[in-house]
Structures are given as structure tokens and as C-alpha cells.
Amino acid sequence: LQTISASIRAPLEDENCRVILDCGGDNTGAMVLNQFFKYFSPGDYLLLCVVNCNRPGTDTPEKAAAHIRAIEQTTGLTVTGLVSNAHLIRYTTAETVLEGWAFTKQVEAITGVPALCACCMESIVPQVENRDFDVFPIGMYMRESYLDKQV
């Protein structure tokens with residue numbers, strides 16, 4: 001059974017607190033939001049869906065769109081924005097990020113959910129900045145064994 005500690009209610013009830021919940025990458029992971037549904041008023045939350053065109057269940061725009069709709073159906077919430085996070089772990093290049101952004105824009109066209117930004121490893125940012133999208137620089141903090149996985 002997917003759950004989040006009830007202690008999360010305190011920040012959810014505090015109007016001065018911004019809360020970010022990372023609920024996993026599919027409708028099963030997002031199901032945990034159901035226990036906190038009363039805290040999500042329309043227009044008072046952002047539900048961002050991270051799009052990675054290099055993952056097996058979301059490797060076509062149509063599959064990614066179906067994935068988003070499944071999250072919405074399971075949670076009763078509306079996905080409000082898309083974040084492109086196309087990567088190939090250590091083998092990520094500027095081209096990977098650019099292809100991921102183009103893919104995310106296709107998902108936007110299908111779903112009507114706006115593409116907001118593209119995540120990009122800090123080392124690649126200079127190669128992709130000043131494009132037609134915002135770049136969200138990220139670091140890679142993972143176990144070495146995970147970084148060496150073949151994708």
C-alpha cells in the first residue's frame with residue numbers, strides 16, 4: 001500500500017509553507033496523493049509530470065500522454081505542467097536534452113499541458129541555454145553502481 005507519513009499534514013495545513021511531494025513516476029506512485037486530496041484546491045497547486053522519452057512506458061508521445069491521463073484519473077487532480085528530464089545517466093549529451101525537449105513539446109501538443117522547462121546536468125547547461133525553453137540545472141547524486149547501468 002502506497003502511503004506518505006501523516007506528519008506531512010502539518011506543512012500542508014500551513015499557508016506559509018510551500019510543499020513539494022515527489023510521488024513516483026506513475027499513477028500507482030501518484031495514488032498516495034489521494035490521502036491528501038482535501039489540501040489540493042483547484043488553482044492552488046501545481047502537479048508537475050516529469051517526462052523522460054528514454055523510459056520504457058513513456059517512449060512515445062502517445063504513451064506519455066496516456067501516462068499523464070492515468071495519473072489524473074487515479075488522483076482526481078489535473079497535471080498542470082510538464083518537465084522534460086530526458087537523460088541517459090552518464091551518457092547524456094546536449095543532443096539528449098534537446099531531443100527530450102522536442103519530445104515534451106509533442107506531449108504538450110497532445111495533452112494541452114504546458115511544457116515548462118528541461119532539466120539538464122550542470123555540465124551541459126552552456127550547450128543548451130539560450131534556446132526556446134528554460135533550463136533547470138541539476139546535479140547527479142547517485143550511487144556509482146546506478147550511474148554505470150546500461151541504458
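This is a predicted model: local features need pLDDT of at least 70, side-chain atom pairs count only at pLDDT 80 or more; totals for chains, interfaces and linings use all residues.

Reader: What makes up the secondary structure of the protein?

Author: The protein has six helices and four strands, where helices (H or I, at least four residues) and strands (E, at least two) are DSSP runs numbered from the N terminus. Along the sequence, these elements follow the pattern α-α-β-α-β-α-β-α-β-α.

Reader: Why is the protein called as compact as a globular protein of its length?

Author: The radius of gyration is taken over C-alpha atoms, and the globule rule is 2.2 Å times the number of residues to the power 0.38. For 151 residues the rule gives 15 Å, and the protein has 16 Å, which is close to that value, so the protein is as compact as a globular protein of that length. Along the principal axes, the C-alpha atoms fill a box of roughly 40 × 35 × 30 Å.

Reader: What share of the contacts in the protein with a separation of 6 or more comes from residues 24 or more positions apart?

Author: That share is 65%, a contact being heavy atoms within 4.5 Å.

Reader: Why is Thr-96 called buried?

Author: Buried means under 20% relative accessible area, exposed means over 50%, and partly exposed lies in between (1.4 Å probe, protein chains only). Thr-96 has 8% relative accessibility, and therefore counts as buried. This residue is found in helix 4 (residues 94-111). Leaving aside residues up to four places away in sequence, Thr-96 touches Asn-54, Ala-86, His-87, Leu-88 and Tyr-91. Of the 151 residues of the protein, 38% count as buried.

Reader: Why is Gly-43 called exposed?

Author: Gly-43 has a relative accessible area of 83% and is therefore exposed. Its place is in the loop between helix 2 (27-30) and strand 1 (48-51).

Reader: Is Asp-22 buried or exposed, and how do you know?

Author: The relative accessible area of Asp-22 is 74%, so this residue is exposed. Asp-22 sits in the loop between helix 1 (9-13) and helix 2. Asp-22 and Asp-44 are 22 residues apart in sequence and 17 Å apart in space, C-alpha to C-alpha.

Reader: Why is Ala-6 called partly exposed?

Author: Ala-6 has 43% relative accessibility, and so counts as partly exposed. Ala-6 lies in the segment before helix 1.

Reader: What makes the phi of Ile-89 worth a remark?

Author: Most residues other than glycine have a negative phi, and most peptide bonds are trans. Phi of Ile-89 is near 50°, a positive value in a residue other than glycine. Ile-89 is found in the loop between strand 2 and helix 4, and its relative accessible area of 4% is why this residue is called buried.

Reader: What is the phi of Asn-130, and is this residue buried or exposed?

Author: Phi of Asn-130 is near 65°, again a positive value in a residue other than glycine. Asn-130 has 75% relative accessibility and therefore counts as exposed. The residue lies in the loop between helix 5 (125-128) and strand 4 (134-138).

Reader: How do you know that strand 1 and strand 2 pair?

Author: Two strands pair if DSSP finds at least two bridges between them. Strand 1 and strand 2 have four bridges, in the parallel sense. Val-50 has Val-83 in strand 2 as its bridge partner. Strand 2 (residues 81-84) and strand 3 also run parallel, joined by three bridges, and Leu-82 stands opposite Ala-115 in strand 3.

Reader: Why is strand 3 called mostly covered?

Author: Strand 3 (residues 115-121) has seven residues, and six of them are buried.

Technical notes
Residues are numbered from 1 along each chain as its sequence is written. Side-chain values use heavy atoms; hydrogens and water are left out.
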